[in-house]
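Dear colleague,

Please find below the structure that I am handing over to you. My notes on it follow.

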Amino acid sequence: QVQLVESGGGLVQAGGSLRLSCAASGRTFNEYRMGWFRQAPGKEREIVATITSSASISFYADSVKGRFTISRDNAKNMVFLQMNSLEPEDTALYYCAARLESTSRWTSWGQGTQVTVSS
């Protein structure tokens, strides 16, 4: 497994931008598909975006398409989530997660970073 630490959350006004970062430890980072999830108070955790180990394919939830961009730097064991045109509905605790490409279960999770968007 890899250990994950998120950073970059904060308070921003609607329409603003934030860039989340996730630092991963471990020598096999480039074998993992990475993802960003979020959980708002009183709601279930939901997927936001994922990126394959080679960064060749990305997936986005409909609610963030065109506004968020996921990327990764395998040389630095980092994954990022650029969030633009933020909306109050994006307010949530954002988690970084990892799973091996050969599996379907997300096995590694960070502690989360809070994103709050004010109207």
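E31 counts as partly exposed because its relative accessibility is 43%; by definition, buried means under 20% relative accessible area, exposed over 50%, and partly exposed in between (1.4 Å probe, protein chains only). This is a predicted model, in which local features need pLDDT of at least 70 and side-chain atom pairs count only at pLDDT 80 or more, while totals for chains, interfaces and linings use all residues. Residues are numbered from 1 along each chain as its sequence is written, and side-chain values use heavy atoms, with hydrogens and water left out.

E31 lies in the loop between β3 and β4; strands (E, at least two residues) are DSSP runs, numbered from the N terminus. Leaving aside neighbours within four places in sequence, E31 is in contact (heavy atoms within 4.5 Å) with S53, R99, L100 and E101. The C-alpha atoms of E31 and T52 are 8.8 Å apart in space, although the two residues are 21 residues apart in sequence.

Two further loop residues deserve a note. A55, in the loop between β5 and β6 (58-60), is not a glycine, yet has a positive phi of about 65°. N77, in the loop between β7 and β8, also is a residue other than glycine with a positive phi, near 55°. Are they buried or exposed? A55 is partly exposed, at 38% relative accessible area, whereas N77 counts as buried because its relative accessibility is 17%.

Yours sincerely

Methods: Helices (H or I, at least four residues) and strands (E, at least two) are DSSP runs, numbered from the N terminus.
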